[in-house]
Amino acid sequence: SNKQNATCMPCWHCCSAEGETFLSELEMIGSEPGCGHCDCNYCSDSCTLELRLSESCTPQCLTAECSWDLGACGKGLSSGDAQCESTVSSTDFFTDVVWETSKGVCCSIGESRDEDFSFGVYSHSESGALNPLGLNITQPSSDQVYSRYLANSNQVIAGMLLHTVRFQAEEECEYTEKYHRLYSSCRGAPTQEPYGVDAVFQSGSSIYSLESFKNLDDFYPDDSDLNSFGVPFGFKHVDIRGFPEGYPVLFDVNMDSTLSLKWMEYLVEGNYLSNAKELTVQLISYNPDNGVFANIQVLFDFARSGAIKVSHKVHLIVAEMYTKDFVFRLCLELLFVLFWVFNVLGELFELSSTGYRSYFRFENMLDLISLLLGGTVIALWCYIQIQVAPAFNMKPRYNVYENIYSEGNWLKLANDGLPMREMADDFYKLKVFDMLMQWYAVLNCLNITLMIARLLRLMDFHPDIGMITRTIKKAWSDLVN
C-alpha cells in the first residue's frame, strides 16, 4: 500500500479526501459522512498513533497492519518493499518453521523469530502445489523411491496391491420367484464391465474437485469412459497374471499418508467393493539382513450368505541360497548327490544279478521309490537354482500409474498398462518360486521318511533293532487298515 494515499486501511476510503496527504487524513478521522465509528488509527493494541507518528523506529509498529511504522525504520521503507524477505528452514512440512529476516533495517531490530503453525497440502499437480504459505511442493520423480518398512527392517516392494473379483447383479433369481418383491437383485455371473464412479468428479464426495470437473474432457476424452449420468467410471477391468479376471488397485510406496487416505476415500466413495465376490490384499517385503522375501496375502471371501470369510497366508522365500554363509550346505548337498548315485548303481547291479522276477520284492520296491524321490528332489532343486532363481528379480517400485498426483483419472495406467503387467509378472514369479520351494520341502519329507524305513530294514540283522522291523512287518496289514 502507498502511505501517501488513504488506501491501506479498510475504512480509510470513507474518511479521506482524494489527493490529501496522509497526515491530513489522520486529522480528518470521523469528519466524513458515513464513517460512523470507523477508527482509522487502530492497527494493534501495542502500537498507538503517537508511536507511529514518532520519528523513531518502533518494533511493535513494524507490521503491515501498522503501515510498517510509517517508514520510520528506514528510508523509503514501505509495505510494498521486500525489506523482510522470509526464508524457511525445514525438512518436514509438519515441523516448526523458522522465519529469518534477511535484509533491510529489519535485521537491526531482530535477526530471527520463531513462528509455530501447521498447514496441509491441499492440491497436487505436475508442477507442484502451492500451500497457504507459498511453499512449492513438488512430486518425486518417477525413478525416486520412498522406503516403507514393516517391523523396521522389512522393506515393502512396490506397494500394497488390492484385487477384487465382482459379479453381475441380476434381477431374476433362481429360488426367489415367489418373493420377488422382497429383493432388488441377486448374484449373477462374474463380470468385467466398468463400474463405480470416479469420486473426483462426483458432486457431493469428499474429494470432489470443481476445477477437475470443468476439465472433464481432458481426463476422459472417450465417451465410453462415462456412465449414463455423465460421470466417469471409477474402475476398469485389467487382466494381470496370477489373478482371476478382476480389478486391481495399487497403493504406491511413493504415496504419503495424506495421499493414501485420499485414495482410500476414492475407493470407498467410488464403490470399489460393490457386488464384490472376493478381495485379495497382497504385500511383498524384503529383509536384507536375512535375504528373505515375504509374500503376505489376505483374502476376503464375500459368501452368498452375506458372511465375509477372512483367511491369510504368509510365505517366506529365500531367493539366494549360495552365498558365503551357505558353503557348508553346498558341500552337504554334493555329498548327498554322490550317495544317491552310489545307491542307484548298487540297485542296478542287484537288478542285473538277480533278474527282474527276484528283484521286485517289497524291500527292493521301497529302495526304488526312495531313489526316485531322491532323484526328483535333486532335479527340482537344480531347476530352481539354475532356471527360476537367476531369472527372478524385483524392482523396489513400479511406475504403474501415469501420475499418482493427478487431479483426475487417478487410476490411468502408464504405458498402456505395461508397468502393471510387469509388476504382476514379477509377483507371479515369486508365487511360482514359493510353490516350487514348498514342493521341494514336501518331497524331501517323504524321501526322509522312506530313507528311515530303509535304514530300519538294513538293520534287521540286529537282535534288538530287528525286533522293531519284524514287528512292523507282522502288523503291517493292521497298521494300513
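What we are looking at is a predicted model, in which local features need pLDDT of at least 70 and side-chain atom pairs count only at pLDDT 80 or more, while totals for chains, interfaces and linings use all residues. Residues are numbered from 1 along each chain as its sequence is written, and side-chain values use heavy atoms, with hydrogens and water left out.

The protein has twelve helices and twelve strands. Of its 481 residues, 35% count as buried, where buried means under 20% relative accessible area, exposed over 50%, and partly exposed in between, using a 1.4 Å probe and protein chains only. Taking contact as heavy atoms within 4.5 Å, and looking at contacts between residues at least 6 apart in sequence, 54% join residues at least 24 apart.

Now back to T191, which counts as buried at 7% relative accessibility. Leaving aside residues up to four places away in sequence, T191 touches R166, F167, Q168 and Y247. With Q168 there is also a polar contact, side chain to side chain, at 3.3 Å; the term stands for a pair of N or O atoms within 3.5 Å, where within protein one must be able to donate a hydrogen and the other to accept it, and residues adjacent in sequence count only if both atoms are side-chain atoms.

Next, the cysteines. A search of the whole structure finds one disulfide, the criterion being a pair of cysteine sulfur atoms within 2.5 Å. The partners are C47 and C61, with their sulfur atoms 1.8 Å apart. The pair links distant parts of the chain, 14 residues apart, with C47 in the loop between α1 (22-27) and α2 (49-53) and C61 in the loop between α2 and β1 (86-89). Because the torsion about the S-S bond of C47 and C61 is about 110°, the disulfide is right-handed. Both C47 and C61 are buried, whereas C331 is partly exposed, with a relative accessible area of 46%.

Which residues lie nearest the centre of the largest pocket? They are N409, W410, L411, K412 and L413, out of 36 lining residues. A pocket, on a 1 Å grid over the protein atoms alone, is an open set of points where a 1.4 Å probe fits, with protein on both sides within 12 Å along at least five of seven lines, and lining residues have an atom within 4 Å of a point. The volume is about 690 Å³, meaning the space filled by probe spheres set on the grid points, which are joined across faces, edges and corners. α5 (216-219), β9 (247-252) and α10 (418-458) each supply at least two residues of the lining, and the largest share, three residues, comes from β9. The lining divides into 17 nonpolar, ten polar and nine charged residues, with Ala, Val, Leu, Ile, Met, Phe, Trp, Tyr, Cys and Pro counted as nonpolar, Asp, Glu, Lys and Arg as charged, and the others, Gly among them, as polar.

Finally, the backbone. A151, in the loop between β6 (149-150) and β7 (154-170), has a positive phi near 55° although it is not glycine, and A151 is exposed at 66% relative accessible area. N415, in the loop between α9 (362-391) and α10, likewise has a positive phi, of about 50°, without being a glycine, and N415 is exposed at 57%.

How values were computed
Helix = DSSP H or I, 4+ residues; strand = E, 2+ residues; numbered from the N terminus.
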